[in-house]
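These are my notebook entries on a single structure. I set down what I looked up, entry by entry, with the criteria I applied.

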Amino acid sequence: PEESLEKTAAKRASILHEYGASRGHDGKGWHFLVGTKESIAKVAAAAGFEYQYDADQKQWGHPSVVMITKPDGRMARYLYGLEFAPNDLKIGLLEASEGRSISTIEQLILYCYHYDPQGGKYVLVAMRVMQVGAGGVAVILFSVLALFWMRELRKSKSKNKKTEATELAEAV
């Protein structure tokens, strides 16, 4: 509550410069909030964010976390740590984007990963990868079989037409 808008804006610019310099990020979607003690407490409680004041160091202590919200404003995921893997951020954003159209590939990626709260990151789920692989093999197998069946059906129809034509020629 003691932070000024100017100091907060300077800190935001510093962090985004450091972060964006190595990753090409423009800072959109990164919000640094200021407010009264009461409003800060309400926002923090609503987000499930805990903090406490360290009088010895004269600063607030809190976990380093990226909070990802759904389009309706509800929390979707908390990513804890000092560095956040781009893949974890991408999957978290895809997961949070319920209702937004995502590509089939993104849906498969999302299906194959699961958030591990103990490790604080997304992990590949081997069983789901095997299910996706088996589904892909089944689609390919049935496509090849369907191609062969269509050829056989055409050959069979072609033979039937030749037989009918031969029988007609013999009858005349």
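**Entry 1: charge on the surface.** I searched for clusters of like charge and found that R151, R154, K155, K159 and K162 gather in a positively charged surface patch. My patch rule takes residues with over 30% relative accessible area and no salt bridge, joining like charges within 9 Å and nonpolar side chains (Val, Leu, Ile, Met, Phe, Trp, Tyr) within 5 Å. I counted Lys and Arg as positive and Asp and Glu as negative, leaving out His and the chain ends. I placed each charge at NZ of Lys, CZ of Arg, CG of Asp or CD of Glu. Accessible areas follow the Shrake-Rupley method with a 1.4 Å probe, and for residues only the protein chains shown count as cover. I located K155 in helix α5 (residues 126–171). K155 counts as exposed because its relative accessibility is 51%; the classes are buried under 20% relative accessible area, exposed over 50% and partly exposed in between (1.4 Å probe, protein chains only).

**Entry 2: basis of the values.** I note that the model is predicted, that local features need pLDDT of at least 70 and side-chain atom pairs pLDDT 80 or more, and that totals for chains, interfaces and linings use all residues. Residues are numbered from 1 along each chain as its sequence is written, and side-chain values use heavy atoms, without hydrogens and water.

**Entry 3: overall layout.** I read five helices and six strands in the protein chain. Both are DSSP runs numbered from the N terminus (helices H or I, at least four residues; strands E, at least two). Along the sequence I recorded the pattern α-α-β-β-β-β-α-α-β-β-α. Of the 172 residues in the protein chain, 13% are buried.

**Entry 4: salt bridge.** How many salt bridges does a search of the whole structure find? I found one, under the criterion of a side-chain nitrogen of Lys or Arg within 4 Å of a carboxyl oxygen of Asp or Glu. E3 pairs with K7, and their closest N and O atoms are 3.8 Å apart. E3 is partly exposed at 44% relative accessibility, whereas K7 is exposed at 52%.

**Entry 5: aromatic rings.** I counted three aromatic pairs. In one of them, the rings of Y53 and W60 have centres 5.0 Å apart and planes at 65°, so I logged the pair as edge-to-face. The rule pairs rings of Phe, Tyr and Trp (its six-membered ring) with centres within 6.5 Å; planes under 30 degrees apart are stacked, over 60 edge-to-face and the rest tilted. I also noted that F49, Y51, Y53 and W60 form one aromatic cluster. Y53 is partly exposed at 43% relative accessibility, and W60 is partly exposed at 36%.

**Entry 6: loops.** I looked at K58 in the loop between β1 (52–54) and β2 (59–61). K58 has a positive phi of about 55° and is not a glycine. Most residues other than glycine have a negative phi. K58 is exposed at 66% relative accessibility. E50 sits in the loop between α2 (37–47) and β1, and is exposed at 65%. I recorded 7.8 Å between the C-alpha atoms of E50 and P63, which are 13 residues apart along the chain.

**Entry 7: nonpolar surface.** I finally looked up nonpolar patches and noted one formed by I105, L108 and I109, with about 250 Å² of accessible area together. I105 lies in helix α4 (residues 104–112) and is exposed at 57% relative accessibility.
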